Amino acid sequence: QVKNKAPAEVQITAEQLLREAKERELELLPPPPQQKITDVEELNDYKLRKRKTFEDNIRKNRTVISNWIKYAQWEESLKEIQRARSIYERALDVDYRNVTLWLKYAEMEMKNRQVNHARNIWDRAITTLPRVNQFWYKYTYMEEMLGNVAGSRQVFERWMEWQPEEQAWHSYINFELRYKEVDRARTIYERYILSLLVIVHPDVKNWIKYARFEEKHSYFAHARKVYERAVEFFGEEHMDEHLYVAFAKFEENQKEFERVRVIYKYALDRIPKQEAQNLFKNYTIFEKKFGDRRGIEDIIVSKRRFQYEEEVKANPHNYDAWFDYLRLVESDADAETVREVYERAIANVPPIQEKRHWKRYIYLWINYALYEELEAKASKRTRQVYQACIELIPHKKFTFAKIWLLYAQFEIRQKNLPLARRALGTSIGKCPKNKLFKGYIELELQLREFDRCRKLYEKFLEFAPENCTSWIKFAELETILGDIDRARAIYELAIGQPRLDMPEVLWKSYIDFEIEQEEYEKTRNLYRRLLQRTQHVKVWISFAQFELSAGREESLSRCRQIYEEANKAMRNCEEKEERVMLLESWRNFEEEFGTDTTKERIDKLMPEKIKKRRKLQAEDGSDAGWEEYYDYIFPEDTANQPNLKLLAMAKLWKKQQQESEAAEMDPDKDIDESQ
């Protein structure tokens, strides 16, 4: 009985028990005692016990082949070959598909120099498992080591009937080459290529190996024929760059450089660019070694052509890629090739009829026409290109004046003026544009057809009466032709238009026209009419400067009078900077031409510049703080506004108050001053 039933201080867990048991398993057990066998009976007893152990292991698990192999190897170590053979046979009855079992069985027979037994085992093995290449390799190797070349060849022939992998064929070929049987090796290659390659191994490298075999044995004609057959066999659908590289290198070794170029160019024209990088590289190296500058340039051009082809295939509407491609083709190709590429390019019409999508596309047509005219010297085709382009453009939605003008200029270069005029007339009728009118007028001016120019200007101004530049150019034309009255009438019509894009430019041109004609009174009337429309400061200053430049005795008084009028007119102007600009111009005039009295007077009119603050508001109406700005106070306005005078008196009073407060804060200073 246990008296103390309290738990022990040190507890032992189940995990600890398992860990200790595991650790004790690793402890080294003492080796079994060595048994010395002294007579035959002890040996037989030992054999019996050992065999019983092996048999028991086999009986427990027949499918574990390692037990059979250990049993047979033990019997073999005792030189009991018959027993070992019997064990292997029993094991093969259990699992005849086990490769290791066949190998161990055959190796035992070979090790014990039982050649016929080994042959028998190999025959059974290759008959039972013909797809196990190891059996064939071992069998042929054994026969070759025994010097039985014919037997080894016979085994290879049996193997080839099963159409094995390519390494088996190469082993057979190498076997024949070891015995200098080149013709036999060639025959095997032919069988390999013709009979089995099409079905089993349609790979480029097999053809290349065959060709290199012929080249190695100096049968160069046969090697070339093999390459040619390979090219014919694979055709254009299954082209491989490795075949052509090997073919080209073979021809390079034979110093057939022209053949090499033909091979490389043939392959580059047919293999896609992404699959021909190695081909390009080898071609470039070849040309650098044996070619001239022209050949190297051809390679670069071909490579770039492949790149551009891929780009335009990926995106046919990438017009920049087409431009680069066409530039390349034009630099190094015949006219038909260039035309073909141009036709492919212009076939990619923008899918949307919006001008922004057509701006790049239209230059393809322009470049095409220029190429036909300048490079190909084909005026008839050039005319066809321009006409096709004009028919393609949707003129009701938009047009390109550049095309019409280029077509007209082309017809003029061909001395076909009626067609040029007809083209420009059609353009103005279908889709009038400022640029078309200007180009047509410029053409007629160069031809000195002034009556046509007048008619065109009339049509132009009917189309765009707000275009001041057109009015001015029309008037200048009449001025050049000496018809002053017509020019003046054009100016009068122009300034009478209700809407103008640049009226100030038009008025300035009209005034300059009258000044050039020395019609000063009419110029003054023009200034007065302009001032009725606008009171802009620049108009007043220009009017004053005109009076000053008139060159008469009363010009100074007239100029001063204009400044006076301008100053009175601009008193109510909200833009004080413009009034300051006027006074500064007036002061500059008085400083140069005035007297002391007039200078003093203008100085009194100059404003005072003061800094002010104003409140800012954000877009949502909230307070955004204050900002400082400069304002101008004019003396004339101060005299008319009593509030400004009152403000000035208030500022003076505040200043006096600040001075008195400062004096009260510093009494010592007052005592010192009194002393």
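Predicted model: local features only at pLDDT ≥ 70, side-chain atom pairs only at ≥ 80, totals over all residues.
The chain has 36 helices and two strands. Of its 675 residues, 38% are buried. The exposed surface comes to about 42,200 Å², with carbon and sulfur atoms supplying 49% of that.

Now helix H22, residues 401–413. Its 13 residues reach 18 Å from first C-alpha to last, close to the 18 Å expected. Which residues of H22 are buried? They are Ala401, Ile403, Trp404, Leu405, Tyr407, Ala408, Phe410 and Glu411. The cover over these buried residues includes helices H20, H21, H23 and H24. Just after H22, Lys415 has a positive phi of about 60 degrees.

On to the salt bridges. The whole structure has 23. Take Glu143 and Arg119, whose closest N and O atoms are 2.7 Å apart. This pair links helix H7, which holds Glu143, to helix H6, which holds Arg119, across 24 residues of sequence. Glu143 counts as buried, at 2% relative accessibility, while Arg119 is partly exposed at 22%.

Next, Glu176 and Arg153 meet in a salt bridge at 2.8 Å, N to O. Here Glu176 sits in helix H9 and Arg153 in helix H8, 23 residues apart. Are these two buried or exposed? Both Glu176 and Arg153 are buried.

Last, Arg381 and Glu372 form a salt bridge, with the closest N and O atoms 3.2 Å apart. Glu372 is buried, at 0% relative accessibility, and Arg381 is partly exposed at 31%. Through shared partners, salt bridges join Glu336, Arg339, Glu372 and Arg381 into one network.

Note on methods
Residues numbered from 1 in each chain as written. Heavy atoms only, no water. Helix = DSSP H or I, 4+ residues; strand = E, 2+ residues; numbered from the N terminus. Expected span 1.5 Å × (residues − 1). Buried < 20%, exposed > 50% of the residue type's maximum accessible area, 1.4 Å probe, protein only. Contact = heavy atoms within 4.5 Å. Areas by Shrake-Rupley, 256 points an atom, 1.4 Å probe, with all protein chains shown as cover. Salt bridge = Lys/Arg side-chain N within 4 Å of Asp/Glu carboxyl O.
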